[in-house]
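Hi everyone, thanks for coming. Have a look at the structure on the screen, and I'll talk you through a few spots.

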Amino acid sequence: MPYMVSLFSFILGLVIGSFLNVCICRLPSGGSIVNPGSSCPYCGKRLAPRDLVPVASYLVLGGKCRYCGEPISIQYPVVEVATGLLYAAIVWANGLTFESLSLLVFVSLVIICAGTDLNTGLILNSVTFPGVVIGVALSFIVPSMTPLQSLLGLLVSGGVVWIMYVVTRGRGMGGGDVKFMAMVGAFLGWDRGLLTLFLGALIGSVVGIARIVSGKQERRDPIPFGPFLSIGAVISVFFGAKLLGFLHLW
């Protein structure tokens, strides 16, 4: 039964991941995520249902549009597979519980934020503000989180990044990062929120230094911080308790 539930969660994640791709592509421009239907960004041809099967359509078409032959962004299958794997892992670890429901919603929002930041350099208020509200609302039914912990989490996690934003005058840390971290705190609490910030900064520093050393980036070139915070958030979801326990002992 756990295997079947996880498999179903993976398939559900693939489908949801396809929808998250729509959000990533349309929300930055203020477009509707419902209408019009999906179409090729190059030739404008409306895509048929057979063109929209998660991952499978990309593989069958060889990563190219059926109608004009232009390449399809690798973002689409990557987001779909990532969402599927995260959904399966969350349900495998927590079962069919309110905890899983909260984390499924959370990782979906995190994926959207990472995608829009990578594509446009923006973490959208239209994602983080509802995310904060949803995180606090779900704290009323999630056994591991109380509304007070959720509120404290958003204030501490968002507040720390806001102070950093003010002190650095927005250099390397944007207003979107502040709201993103408030959302993280609302879902995960202040401790895993700060762990997310630490992990995001660590991973971002390693990647940034590697890119500078390899000549792919100049020292002053901006780099989106949202994707690194998103990776930190996902690590905190699965390993936060163990990492915090280790840090406490250390």
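This is a predicted model: local features need pLDDT of at least 70, side-chain atom pairs count only at pLDDT 80 or more; totals for chains, interfaces and linings use all residues.

Numbering starts from 1 along each chain as its sequence is written, and side-chain values use heavy atoms, with hydrogens and water left out.

Okay, the crossing. Helices here are DSSP runs (H or I, at least four residues), numbered from the N terminus, and axes are lines fitted to C-alpha atoms over the stretch in contact, with angles running from 0 to 180 degrees between N-to-C directions.

Who touches whom? From helix 4 it's L101, S102, V105, L109, I112 and C113, and from helix 5 it's V127, T128, G131, I134 and L138. Contact means heavy atoms within 4.5 Å. By class, that's 8 nonpolar, 3 polar and no charged residues. Ala, Val, Leu, Ile, Met, Phe, Trp, Tyr, Cys and Pro count as nonpolar, Asp, Glu, Lys and Arg as charged, and the others, Gly among them, as polar.

Last stop: S230, in helix 8 (residues 226-249). S230 counts as buried because its relative accessibility is 5%; buried means under 20% relative accessible area, with a 1.4 Å probe and protein chains only. Setting aside neighbours within four places in sequence, S230 is in contact with V110, A114 and F180.

Notes
Helices (H or I, at least four residues) and strands (E, at least two) are DSSP runs, numbered from the N terminus. Buried means under 20% relative accessible area, exposed over 50%, partly exposed in between (1.4 Å probe, protein chains only).
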